[in-house]
Each structure stands twice: as C-alpha cells, then as structure tokens.
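Student: I would like to go through this model and test each label against its cut-off. Can we start once it is on screen?

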Amino acid sequence: MTTLVQQYFSNSARRFPDKAGLNCADDSSTFRDSDLLTNAIANHICANGMERGSFIPFFMSKSINSIHSILSILKSDCAYVPIDVASPPGRINSILEVSNASLVIVDKASKELFLSHLPDGSKIDILVIDEFSGGDTSERDYQNLSIDIAYVLFTSGSTGVPKGVMIPHKAIIDYIDWCVSEYELSSSDVIANHAPLYFDNSTFDLYTAFSTGAELHLVHDAVNAVLPSLIKWIRNRKISTFFCVPSVMSMLLRSRRLKSDSFPDLRHMIAAGEVLPPDVVRGWMELYPHVQFTNMYGPTEITVDCSFHVIREIPTPDQQTIPIGKARPNMELFVRTENGELQQAVGARGELLVRGTSVAYGYLGDSEKTNKAFIQNPNNDVFADMLYCTGDLVEIDAQGDYLFLGRADEQIKYLGYRIELGEIEAALTSIDGVDEGVVVFNDSDKPEETGIGALVSSETLDEKALLAELRDKVPPYMVPSRVLLKTDDFPRTANEKYDRKSIKRLVFR
Ligand code: AMP
C-alpha cells in the first residue's frame, strides 16, 4: 500500500532498477541511482537535525537535480516548496519567510543567484545537491502519514503576498491512482513534464511516471525557449503522454510546424490549467486522430484536477466551448447559485465549489484567506467537510457537464500562469513615486493584442523607471506589456469604483 508519494518512486526502483527513469537534456539517471542518492541526501538532512514536517524550498532550473531535491525532501519526512529561479528577491524572501525555511536546496548553477537574493545576516543553510556524494543510502523508516503535507505551491495572491497551497500525500495519491487507471498508463509509457515544477500541472507528470515506472522526460528551458523545437523533442523522445496548458497547444498549432506524422508515439494529449479553445482542439484532432484529447480542470487548491472531459468528437466550427466535464471519482462539484444554494441540476449557474479527498489544507500561515476560500459544507453538520470556493463561474449543460464561463474576480490566466491582477497593483502602488495604479488584462483573439496593461499616475517616474522597479517585485510574466501614464483622474463607475472596462480600452487602444 502506498501512503507516501516517494514510495511510488522507490517501488519503481525495485521493479526497474536499471531503467533510465529520469531524463533531462543529455542527462539521465536510473531509478536505482536516483533512489539511492536521494536516500543518502534524506539521511544527511535528518542527521543534521531537520525536524519532521519542515518546509524545505528548492531553488534551481528544471533538471534531474530538481527531481532529486523533491525526492530527498519527501524522504526526510518534510514538505517541498519549489521556488521559480526567475522570481524577484521580494517574492523569494516572502516564500522563505512564510515557509519558515532553515534549509534551501540549490545546485551549483543556482547557488550564487540564490545567495545574492538573501538579506544580509540571513541564517538559512544551503545544500548544494550536485556537490553531495557518499552517505548512507539505506531507505529511512518514514514517520510521516498520508495526511502530512507533501508540497506547498505558491500562487499569486490578490493582496500582493503569494499564497502557499498545502497539499498532503493522500491528495496526490488519490489523484494519481485515478489518473493512472483512467489513462491506462503503464511502465511502457514515456511521460513528458512540460509545466514548471512550481506549477501543479507538474504533479501529474512526476507522479504518474513514478507510480508506473514509466520514463519521465523533463522539458528543459532551452527547448521551451524556442517552442517549435518541442515538436521534434516529443517525437525524438517517443513521448506517449503530454500534459500541458492550452496556450502551448495553441502556439504549436500557430507555428504551422505540426505535421500529421509528427507524433507517432503520442497516445494522450491532456490540456489543463486554462480555457481550451475549440478551434485549437479541432486543429490538433484533425492532425492526430490516433491521440486521445482530454480537457482537465482544477485549481491548485484541489490538487491539479477535479473534473475532466474526454473529447470524443472533433469540435464543429460553431462550437463555443469545450466542457470541463464531470467530477473525477472521490471529488464532487457544486454550483453555488446567486441565492447561496448548492446545486447539481442541469441549468444551474454560479460559482463552482469542490469537495473531496484532494482538497488542500488551505494557505500556509494565512488563516484569514484560508477561511474565506475553504468553508465547511453547509449541508453537513456531522464531520469536517471542506468545500473549496474556486471563484470560477460555471453552468451545468444538458448532458450534466460543467461549462467554464469565466471568473468572479480579477484572477486571470495568461500563458498558463495564474495571476491576481491585485498582486501586480499592490506591487505597483508600493513603488515610491506611484500615486495610483490599475492593472487590466486584455484577452484578445489576436495574440499580439493579448496582455497585461497598467494605467499609472506618477509625477516622477517614466515608463522605463517604473518597469525597472516593478521587475524587482513581481515575476517576469506579471510585468505589464503596456503602460499608460496619466496624471488626471482615472475613469470611475457611478459608484466610484475604477471603471476597468474603460481603463482597458484606454490602455489597449
Ligand atoms: P491553477 O491553480 O494555476 O491551476 O489555476 C486554476 C484556475 O485556472 C482555475 O480556477 C480556472 O480559473 C483556470 N482553469 C484551470 N483549468 C481550466 C480549464 N480546463 N478550463 C478553464 N479554466 C481552467
């Protein structure tokens, strides 16, 4: 019985010791070598007094080292916290603080950058993973239970502070065991990991591979930098399962490099994380009739995906939307209608609420935000039964499938990234010299017109100086591509709120 996610890996190491389980660029490692190395690192971490249940961040570009970091942290009975190396220092330090981190794993390539972000006098220890050698390679007797936390993923927070979503082992196991069975994955699959490790789509890739003993191939930065090179990469690596955000499917289709014989080994193309446009699916399905296409839906707070829709028919040219489908086993979906009722009937429209085994424990160190987003099921006064309020607006169609209608708030998805416009606004208005700032998102059919824009009032800063300051505060993907400086009054609605529609028109005209 698997109760802890690292056991997936060790079991595969026993079954397929000499198989190259982990692959990235020209590097690969067998299940056995990775298992023994990460046992040794975990023994070292524990021998140095790391307390069970601690949060251990790792900071490095995606590589076999990062997977070794994850396994070593889990095997230390601790929870891992991935940090994006492109994050600005303010964000990194906020994550370190919330995680109460005393140790961070880096590699030789990321060490100096990480150290340069730490404030003077910082007491954080670092472990340089690719300098580690030797040690006791025996498997620890794990103390953790499946209810203990496996990872904390930080997502954008509307008040300017990122939120750390706490996910226990049992949530991942429930999700992964279902994925393996639903997609009939086995050791003969070859699974790609496209998503960054700080994005929860990566959970699917890592743990379906560990659990089945399939080869895992990490899409590294160099391939991502020139997206069409991904086509050759998928073909050459004989990838059978590719899980990505729809933006990637759409960019590859637009590149016009997709050919009907590009992916002979592909069995599954799974899209998740943002709206999947029907015309993109049509383009792919016409080219690859041998591939199964699935739309999966879910926020980080419910462990990757709580609903799914296998796309059986090629969408027609007039089709408006691809459903996000029905709940996966052990998860239940409700629509909270305008009058506050929870409904599951055809035609219901409102906010999507989710309950089930894989709902997160909330946000690390932030009970206020946790209590707002995670509520006790009002129809259950017998036991603790949390509903996650997604903020997504949905409708149930005649087939009982859920349709995604949009957001109830200012959260957006841009190039697969989840962004609270409020986080950018908070960063903007914290800059000395900025009197007022409003951030908007233009979602257009034309990629060149899609993007984040800001209307800013400042007497002292020009656009260049403003953006330089902002880059120190938010990750690169949150930096607005359009800025309009304006010193007179901002457009407002009758009740004195910012008129975001007019502001969007002004910034993107
Ligand atoms: P994240 O926590 O980064 O996975 O982002 C979760 C949010 O992405 C959801 O609350 C939705 O707004 C959006 N999302 C995820 N999957 C889908 C999907 N299949 N269709 C439409 N929106 C999605």
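Student: Leaving aside neighbours within four places in sequence, which residues is Asp401 in contact with?

Tutor: The model is predicted, so keep that in mind throughout. Asp401 is in contact with His309, Pro323, Gly325, Lys326, Glu395 and Ile396. Each of these has a heavy atom within 4.5 Å, the cut-off for a contact.

Student: Where is Asp401?

Tutor: Asp401 sits in the loop between strand E20 (386–396) and E21.

Student: Why does Asp401 count as buried?

Tutor: Its relative accessibility is 9%. Buried means under 20%. So Asp401 counts as buried.

Student: What are the values for Met296 and Lys413?

Tutor: For Met296, a polar backbone atom is 2.8 Å from a nitrogen atom of the ligand. For Lys413, a polar side-chain atom is 2.9 Å from an oxygen atom of the ligand.

Student: How much of the ligand does the protein bury?

Tutor: The protein buries 97% of the 500 Å² that the ligand exposes when taken alone.

Student: On to the rings. How many aromatic pairs are there?

Tutor: The count is 19 aromatic pairs.

Student: What makes Trp284 and Phe293 an edge-to-face pair?

Tutor: Their centres are 6.4 Å apart, with 70° between the planes. Rings pair if the centres lie within 6.5 Å, and planes over 60 degrees apart count as edge-to-face. Both values pass, so the pair of Trp284 and Phe293 is edge-to-face.

Student: How do you know whether Trp284 and Phe293 are buried or exposed?

Tutor: Trp284 has 0% relative accessibility, so Trp284 counts as buried. Phe293 has 2%, so Phe293 counts as buried too.

Student: Why is the pair of Tyr363 and Phe374 called edge-to-face?

Tutor: The ring centres are 5.6 Å apart and the planes are at 70°, so the pair is edge-to-face.

Student: What parts does the pair of Tyr363 and Phe374 tie together?

Tutor: Tyr363 lies in the loop between strand E18 (349–356) and helix H12 (367–373), while Phe374 is in strand E19 (residues 374–376), so the pair ties together parts 11 residues apart in sequence. Both Tyr363 and Phe374 are buried.

Student: Which residues do ring pairs link into a cluster?

Tutor: Trp178, Tyr183, Phe204, Phe243 and Phe308.

Student: Next, Thr487. Why does Thr487 count as exposed?

Tutor: Its relative accessibility is 54%. Exposed means over 50%. So Thr487 counts as exposed.

Student: Where is Thr487, and which residues is Thr487 in contact with beyond its neighbours within four places in sequence?

Tutor: Thr487 is in the loop between strand E26 (482–485) and helix H15 (500–507). Its contacts beyond those neighbours are Ser457, Ser458 and Glu459.

Student: Which residues of helix H4 (residues 89–98) are buried?

Tutor: Arg91, Ile92, Ser94, Ile95 and Leu96 are the buried ones. Their cover includes strand E3 (55–59), helix H5 (111–117) and helix H13 (421–429). Just after H4, Asn100 takes a positive phi of about 50°.

Student: What are the relative accessible areas of Asp77 and Arg256?

Tutor: Asp77, in the loop between helix H3 (64–75) and E4, has 1%, so Asp77 is buried. Arg256, in the loop between helix H10 (246–254) and strand E12 (268–272), has 71%, so Arg256 is exposed.

Key: Residues numbered from 1 in each chain as written. Predicted model: local features only at pLDDT ≥ 70, side-chain atom pairs only at ≥ 80, totals over all residues. Heavy atoms only, no water. Polar contact = N/O pair within 3.5 Å; in protein donor to acceptor, adjacent residues only side chain to side chain. Areas by Shrake-Rupley, 256 points an atom, 1.4 Å probe, with all protein chains shown as cover. Helix = DSSP H or I, 4+ residues; strand = E, 2+ residues; numbered from the N terminus. Buried < 20%, exposed > 50% of the residue type's maximum accessible area, 1.4 Å probe, protein only. Phe/Tyr/Trp six-rings, centres within 6.5 Å; stacked < 30°, edge-to-face > 60°.
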